[in-house]
Structure formats: C-alpha cells, structure tokens
Amino acid sequence: MGWYDKLKHSVRFWLLRRLPPCKETVVVISQSLERPLSMRERVLLKVHLWVCMWCVWYLEHLQVIRRTMRESAAESELDPPSAPGLSPEARERIKQRIVANKQ
Amino acid sequence: MSEVQRKASKQLPDAGVWLDQHGDYLFKYASFRLRDPAAAEDAVQETFLAALKAYERFEGRGSERTWLVGILKHKITDHFRRIAREAPMGQEGDEGPEHAEFFTRTDGWDDHWNNEYAPTEWHATPSQLVEQGDFWRVFHDCLSPLPQRTASAFTLREIDGLSSAEICELLGIRLNNLWVMLHRARLHLRNCLQLNWFGQKH
C-alpha cells in the first residue's frame, strides 16, 4: 500500500467513526425509496456511502429487488409467480357456488 | 363454443370451463397479495359470483381475464379494509423482526454491519432473476416469516407500486408504521435472498 492509499484508508476510518452508523444509515436508505431526503440526510448518506461499501451494496440490493418485482409484475399478466393453484376442494366448492347462483 | 358465440347469445359461461380458464390464475394473483390461502379462495369465489351477476354488462372490451382481474382487485381491497377494521395496528413487534443481530459487533464498531450478515456483491440483473422461476419460490418463502400486514404492505408497495398514502389508507396504519414496516421487510428479505439465492450456485 502506498502512502496515498494509507492516507485514504485512515480518512475513511476517521469519517466512519464520526458518521451515523450503518444501523441508522440503512433506515435512511430505505426511506430514500419512499420520500425525498432532507439536505442534511442526503449529505450524511453520501459521505457514508463514500466510506462504506456494505451500505452501497445494501442500497443496490433494494433497488434490484424493487426493479425485479415491478418488472415481473408486468410480466405476470401472462404467468403469475409460480405457486400452487386452487386446491381441488376449493375448486369444487367455488364451482358449486357458481352453479347455484346461475339458477 | 367460442367466446364470441357465447356473448352473442348472452349465455352464461360454464362454471367448470370458467374455473379451468381463470381459477388458478386468479388464485395465484390473490394469494400472492393476501398471503392467506383461505382469504384468497374467498376472494376468487366472490369475484366469480360478482362476474356472474354482471356478465350482461361485460361486452368483451378487452379480455375476460382482464375484466376478472379488475373485479378481483376490488375484492382484495375489500379484504384489506376489513382486516384493518377488525384488527387495528397493535404495538411494537407487529411491524416485523428488528434483526438487531445484523448490527451487533464486539470489536468496538458496534452498530455497523456484522460481517456475517453484511451485504456482498450480487451478480444478477432484475431480468435474469425474473426468468428464473425458482426465484419466486425463494422470494415467497422469504416473506413468509413476516407479519401478514408487513408482507402485504411490502407487496403492495413493491409489486403494485401503490403510493404510501394509498397503502396507509388500505391497511389502516400511519405513515410512520408503514416506513418501519417497509424497512424491516427489506432488511429481512435482503438477508434471506442473499442466504438462499445469491449465496447459492445456479
């Protein structure tokens, strides 16, 4: 490690000690998907993400999950998520009700 | 008999055929959102009965499937409203597990990620995930341990894309409840997906 990398490393650790910890940051990351963040929240989050790869990945994963679910919701107009269908008993019960209501 | 002929004669659909064509689809749609098979069966039954009553008014604009799903959406909404009335939001804990262990460390870096639970890099794009049917099973299983209302809030937000205000009204909760519920659902789900999906070879 050169002196520059060592310095960068120390600066990051120094910062991470002074910033809101990951436990509080993940709450803000989740809220960033729900509402606009305040200026203070935005700045603190940005600096935290600069020094903490874990929280960078956390934010990325939440975005992957959201995009995956929305995309598949569009596709599931053709085929809903693989899950069991109606049980034979339920199917029969509903059928009887439909027949009874037709008369 | 084709759908066109059936409509021309205003004849009501055969119950068995109707169920074969749409029953499973509607049930999957409902159970994914309600997370309660009995409630999903009820919603499907109510949908067919309502559709039967209104069949005269279905004039074949768009497909029968789309029309039925439209009715089902209302039945699902009714169900949520009923639950919100009958079982109002209780105390702490109703929102889901806190997972404090994710941020417990013994090396002086308390409240930062515990290495064991920390996020790792995922090598997959959303479309790759959607194509893999297995993903949905894992996803469904991962949501299961969450309280029903938290899982529903999460599905309504992330799949149906409802606004926060709409979900609060539907589930009878306050905005702060919703944010806590979504946060806990995400914390739990992300970890579970990493353990059971991204950490595995496919």
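Start with chain A: it has 5 helices and 0 strands. This is a predicted model. Trace chain A along the sequence, and the pattern reads α-α-α-α-α.

Keep chain A selected and colour it by burial. Of its 103 residues, 21% count as buried. Now turn to contacts inside chain A. Take those between residues at least 6 apart in sequence: 70% of them join residues at least 24 apart.

Next, show chain B beside chain A. Here 47 residues of chain B are in contact with 39 residues of chain A. Which helices of chain B each supply at least two residues of the side that touches chain A? Select these in turn:

- α2, residues 15–34 of chain B
- α3, residues 37–53 of chain B
- α5, residues 126–131 of chain B
- α6, residues 133–143 of chain B
- α9, residues 175–198 of chain B

Last stop: select residues 148–158 of chain B, which form helix α7. Is this helix mostly covered or mostly open? It is mostly covered, with 10 of its 11 residues buried. Show the side chains to see who they are. Charged residues come into view here: B:Arg149, B:Arg157 and B:Glu158 are among the buried ones. The buried residues of α7(B) also include B:Thr150, B:Ala151, B:Ser152, B:Ala153, B:Phe154, B:Thr155 and B:Leu156.

Methods:
Residues numbered from 1 in each chain as written. Chains lettered and ligands numbered in written order. Predicted model: local features only at pLDDT ≥ 70, side-chain atom pairs only at ≥ 80, totals over all residues. Contact = placed C-beta atoms within 7 Å. Helix = DSSP H or I, 4+ residues; strand = E, 2+ residues; numbered from the N terminus. Buried ≥ 20, exposed ≤ 12 C-beta atoms within 10 Å, placed from the backbone.
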